[in-house]
Amino acid sequence: MADCWFLDWTASASAPWSSAVIKGEILVEDADFLRNGDRLPKVVQYWRRIDGVFLYQLNLLDQDSDEDLSVSEMLKLASLVSSLIKRKEGPQNGTISATLAEIESRTGSFPTISVSPIKLHSSCNLSVENVAEHLESEEKLLSLSAKPIGRRLKSLHPALYLMRRQFAGAFDKAYQVKILLKSQRVENPLNRLSHKRPRYLFRKYTWHAPVCIYATFVLVLSLIDIGRFLQRLNGAQASVKDVAEQAFIEFVDKALVLGFLVTFALFVVVILIRRAKTLKAIDRSLTVLQLGNIYCSVLTDIAKRAGKPQTDADFSSAIEALRDMKRIEVEKRAQNLAIMLPAAAICWVPLAHYANENVKVLARLGEIIKEAFTLPFV
């Protein structure tokens, strides 16, 4: 597995119907952070058709270890090389290639929305001498076959059609990001200590946890302030009304300060994380599918010239569905902000008062929180 051929595609500004082949090379940098990244050569040669289809051979450097790379590890290294080639061919091509962070965490909880290179089967018999010939001939290009990585399908399929499947998966991956951000939960740490099966407390990127915690704090704060109120009444010369009024003002003051912290936490969790990540995934998938339509036209032209069944289908319906999904997310973000901004403005009132008194807000904030949870009669 040390020497493998990979097929990939990148958007081209040239005429998409031309099969002329251009030879190029790419300098491989920033690969040390990847496992086995030191095995990548410093320079990789590639052969590209004018319509964007390109091939390259990955000759890994030998190591003392006899351990062979797994297919997934090999694909990570190839993805880095493909990304560098796509970025060299044009800035717009960075969208369909994985970022370095995505390549490193390809097995993470969030799906990588990009198009990976296709590892060709050894039966293709490609070599440096005949690679240009395979690219120039549509029939030979369609004869290049591969197996879907990570799939149960064991039979060989034309690599160009497996590439199209990756574009088709962009919609599903964007939807998975949305579902994961909506449903991901925090595990109860006590389960790990007791070695019980995982039980989850609350959803991670919603308003439930901050609001419930805030309601609990306010309840505890009210009980503490009731005790403090009773303590002040003992031997106080002021009337009950005056003491109660002062205690209520202090309670509201502390509750608003805590409310500002909760509102800020909600803004980070809901707006900056959940909505932003969802919209980023949708935007990336939209661009991938729009480029996928270009790839479909290229694939149709190649199949037509080779006398093979053509693929007239495109991703227009998926693009429209993603646009609707994006519109809904933008509306939800606007609704969230319509609630959070007035709440933050109201909760900022006591802090603004301290700021006007030339008091350091953060220092005063710490004093209020400390005082809020100082038990009476202690």
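Two strands count as paired if DSSP finds at least two bridges between them, and strands (E, at least two residues) and helices (H or I, at least four residues) are DSSP runs numbered from the N terminus. The structure in these views is a predicted model, in which local features need pLDDT of at least 70 and side-chain atom pairs count only at pLDDT 80 or more, whereas totals for chains, interfaces and linings use all residues. Residues are numbered from 1 along each chain as its sequence is written, and side-chain values use heavy atoms, with hydrogens and water left out.

View 1. Seven bridges hold β2 and β3 together in the antiparallel sense, and here isoleucine 22 has arginine 48 of β3 as its bridge partner. Strand β1 is joined to strand β4 (residues 53-59) by seven bridges, again antiparallel, while its antiparallel pairing with β5 rests on two bridges. Phenylalanine 6 takes part on both sides, with tyrosine 56 as its bridge partner in β4 and lysine 119 as its bridge partner in β5. Six of the seven residues of β1 are buried, so the strand is mostly covered (buried means under 20% relative accessible area, exposed over 50%, and partly exposed in between, with a 1.4 Å probe and protein chains only).

**View 2. Aromatic pairs and an aromatic cluster.** Rings of Phe, Tyr and Trp (its six-membered ring) pair if their centres lie within 6.5 Å, with planes under 30 degrees apart called stacked, over 60 edge-to-face and the rest tilted; by this rule there are seven aromatic pairs. One of them is the tilted pair of tryptophan 5 and tryptophan 47, whose centres are 5.8 Å apart and whose planes stand at 45°. This pair connects distant parts of the chain, since tryptophan 5 belongs to strand β1 (residues 3-9) and tryptophan 47 to strand β3 (residues 43-49), 42 residues apart. Both tryptophan 5 and tryptophan 47 are buried. Tryptophan 9 and phenylalanine 167 form an edge-to-face pair, at 5.8 Å centre to centre and with 75° between the planes. That pair, too, links distant parts of the chain, with tryptophan 9 in strand β1 and phenylalanine 167 in helix α5 (residues 159-183), 158 residues apart. Tryptophan 9 and phenylalanine 167 are both buried. One aromatic cluster is formed by Phe6, Tyr46, Phe54 and Tyr56.

**View 3. The surroundings of isoleucine 96.** Isoleucine 96 lies in the loop between α1 (71-89) and α2 (100-104), and its relative accessibility of 0% places it among the buried residues. Valine 115 is 19 residues away from isoleucine 96 in sequence, yet the two lie 5.4 Å apart in space, C-alpha to C-alpha. With contact taken as heavy atoms within 4.5 Å, and leaving aside residues up to four places away in sequence, isoleucine 96 touches Trp9, Thr10, Ala11, Lys86, Ser114, Val115, Phe167, Val288 and Leu291.

**View 4. Serine 285 in helix α8.** Serine 285, found in helix α8, counts as buried because its relative accessibility is 0%. Residues up to four places away in sequence not being counted, serine 285 touches Ile113, Ala170, Ala174 and Leu322.

**View 5. The largest cavity and its lining.** A cavity is a set of points, on a 1 Å grid over the protein atoms alone, where a 1.4 Å probe fits but cannot get out, and its lining residues have an atom within 4 Å of a point. By class, the lining has five charged residues (Asp, Glu, Lys and Arg), one polar (the others, Gly among them) and no nonpolar (Ala, Val, Leu, Ile, Met, Phe, Trp, Tyr, Cys and Pro).

**View 6. Asparagine 125 in a loop.** Asparagine 125 sits in the loop between β5 (118-119) and α3 (131-136). Its phi is near 55°, a positive value in a residue other than glycine. With a relative accessible area of 57%, asparagine 125 is exposed.

Methods:
On a 1 Å grid over the protein atoms alone, a cavity is a set of points where a 1.4 Å probe fits but cannot get out, and a pocket is an open set with protein on both sides within 12 Å along at least five of seven lines; lining residues have an atom within 4 Å of a point.
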